[in-house]
Amino acid sequence: MKPYFLTLSLTAILAFGAVNTAYATADGPDFYAVTRVAGTDSLALRHIASSRGRIVARIPFNAVRVQNKGDRSGSWCKVQYATSVGWVSCQHLTESDGNRYYSTQGYTDRLNIRKTPSTSAAVVGTIPPLETGLQGTGECSASWCPVDYQGKRGWVGRRYLASWSF
């Protein structure tokens, strides 16, 4: 009789645990990355789920630690960035793996990857127009972002980048 009771108890605990785990992940990822926002722009965090809502903060175009608060209202997602909580358009969010990714924009010739963040720095590689697959390797400055493109590491003008996801 005791082994049956033990088996039944373990089965119930495992089943409850499985339901709990499924419930915890049902509302989406823990963190988002901002995507499809130009390097010269930011994502507006609003106090209500509407484009008419007051902007409470601006999220950088390449943020990767935007916390999912688990609520949705139509095409709006409730998130937290730093200490601010509010609503952003879900179309600009994707599950974050902690890495930054970029696409390129705004030029028609090959884009130079520079050794240091300066137009006078040596060119270490180039990127064709409208390319995706650049990985960010650190924080951007006001005008430059560090990237890795096909093994070429260096700096690219921020205005030529947009946040991207894979």
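A residue counts as buried under 20% relative accessible area, as exposed over 50%, and as partly exposed in between (1.4 Å probe, protein chains only). The model described here is predicted, so local features need pLDDT of at least 70, side-chain atom pairs count only at pLDDT 80 or more, and totals for chains, interfaces and linings use all residues. Residues are numbered from 1 along each chain as its sequence is written, and side-chain values use heavy atoms, without hydrogens and water.

Of its 166 residues, 36% are buried. Contact means heavy atoms within 4.5 Å. Among contacts with a separation of 6 or more, 55% join residues 24 or more positions apart.

The largest nonpolar core holds 27 residues. Such a core is a set of buried Ala, Val, Leu, Ile, Met, Phe, Trp, Tyr and Cys residues joined through side-chain atoms within 4.5 Å. I59, V79, Y102, I127 and L161 touch the most other members. Two or more residues each come from β1 (31-34), β2 (42-46), β3 (55-60), β5 (76-81), β9 (111-114) and β12 (144-149). β12 gives the most, with three. Beyond four places in sequence, I59 touches V34, S42, L43, L45, V66, V79, Y81 and V88.

D30 lies in the loop between α1 (2-25) and β1. D30 is exposed because its relative accessible area is 57%. Leaving aside neighbours within four places in sequence, D30 contacts V66, Q67 and N68. The C-alpha atoms of D30 and Q67 are separated by 6.0 Å, although these residues are 37 apart along the chain.

Notes: Helix = DSSP H or I, 4+ residues; strand = E, 2+ residues; numbered from the N terminus.
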